[in-house]
Amino acid sequence: MSLEIIGTYAITACLIIGAAFAMIGTIGLLKFNDPMVRLHAPTKVGTIGIGALLLASMIHSYVFSDGSMHELLIMAFLFVTSPISANFISKVNIHRRNCDVPPVPPQDEAWSTLDVPEDEVEVAPAK
Amino acid sequence: MTRLFHWLFPHPLLTLLLAAVWVLLQNQFTPGMAVFGLILGIIIPRLTVAWWPDRPVGIRVGKMAAYCLLVLWDILVANVEVAWIVLTRPNAKLRPAWVVVPLDLRQPEAISILAGTITLTPGTVTADLSDGGHSLLVHALDTDNPDAVRDAIKHRYERRLKEIFA
């Protein structure tokens, strides 16, 4: 078997794995009913989904042309930034009281998201 | 001599990282590109040093690399686990829970890395930090024992981060 054929199979496998994980993330987003639980599916499954697609792109560039390292950077930036969006979404959920009230922290007075003056509390409308 | 070194390289690791990112952005390695990346890596930390006063010093690079590999492996395992839960577990049988993780780490940089790690790994998302910075609020996707999740986080990640930022 030549390098091209092996490369093609590897690329296909990576594309299928990546697409499958991305799809599972979307299914989780649709299926779960609690806002905090719903957050889990796309944040985690998305990383390997996109990671596998980028790996496919990298293999393709090395087998069929000069090769490219941009995908490594994309992956690194993605891993650094994706927890921040997850954190923002969960902070909004806590702020709008969309989820169960979290337990009180043991050493400090309150969670920083809940640490707002009473008249500024924004409660989500009941479903 | 050492004072000149500290003035020129306020953050030597950041210098190397910026140079590496520059070379990766160029997509091909030539000596000229490496030199230009190094120049950028010297200028940028020098210009921004005033806005990062209490930066961590003495990070163990080798342990940091080992930690990254461990987290990458955990991310792979976590993805499969969460995918399995998404596909097989009905909503009624899911046992989500809040987990409070008391922190021994004090540096903001170390706490950010721990929070990011928790979000990327098995069925847990970092939701909030307490107002004094002494505990993290973590949401677990499916657990029957929140204390075990807390101990796992403290033992597996926080202990290693404490060694890295010693």
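This is a predicted model: local features need pLDDT of at least 70, side-chain atom pairs count only at pLDDT 80 or more; totals for chains, interfaces and linings use all residues.
What share of the contacts in chain B with a separation of 6 or more is accounted for by residues 24 or more positions apart? The share is 67%.

**Select chain B.** The chain holds six helices and three strands, and from the N terminus its elements run α-α-α-α-β-α-β-β-α. Chain B is more spread out than a compact globule, because its radius of gyration of 20 Å is well over the 15 Å that the globule rule gives for 166 residues. The C-alpha trace spans about 60 × 40 × 25 Å along its principal axes. Buried residues form 28% of the 166 residues.

**Move to the strands.** The three strands of chain B form an open sheet in the order β1-β3-β2, with antiparallel pairing. Its edge strands are β1 (97-102) and β2 (124-129), each of which pairs on one side only. From one strand to the next, the twist averages 30°. Next, select β3 (residues 135-140) of chain B, which runs antiparallel to β1(B) and is joined to it by six bridges. Here B:P102 stands opposite B:S135 in β3(B).

Finally, select α3 (residues 70-95) of chain A, which lies across β2 and β3 of chain B and runs at about 60° to β2(B).

Technical notes. Residues are numbered from 1 along each chain as its sequence is written. Chains are lettered from A and ligands numbered from 1 in the order in which they are written. Two strands pair if DSSP finds at least two bridges between them. Helices (H or I, at least four residues) and strands (E, at least two) are DSSP runs, numbered from the N terminus. Axes are lines fitted to C-alpha atoms, for helices over the stretch in contact, and angles run from 0 to 180 degrees between N-to-C directions. Two residues are in contact if their C-beta atoms, placed from the backbone, lie within 7 Å. The radius of gyration is taken over C-alpha atoms; the globule rule is 2.2 Å times the number of residues to the power 0.38. A residue is buried if 20 or more other C-beta atoms lie within 10 Å of its own, exposed if 12 or fewer, and partly exposed in between; C-beta atoms are placed from the backbone.
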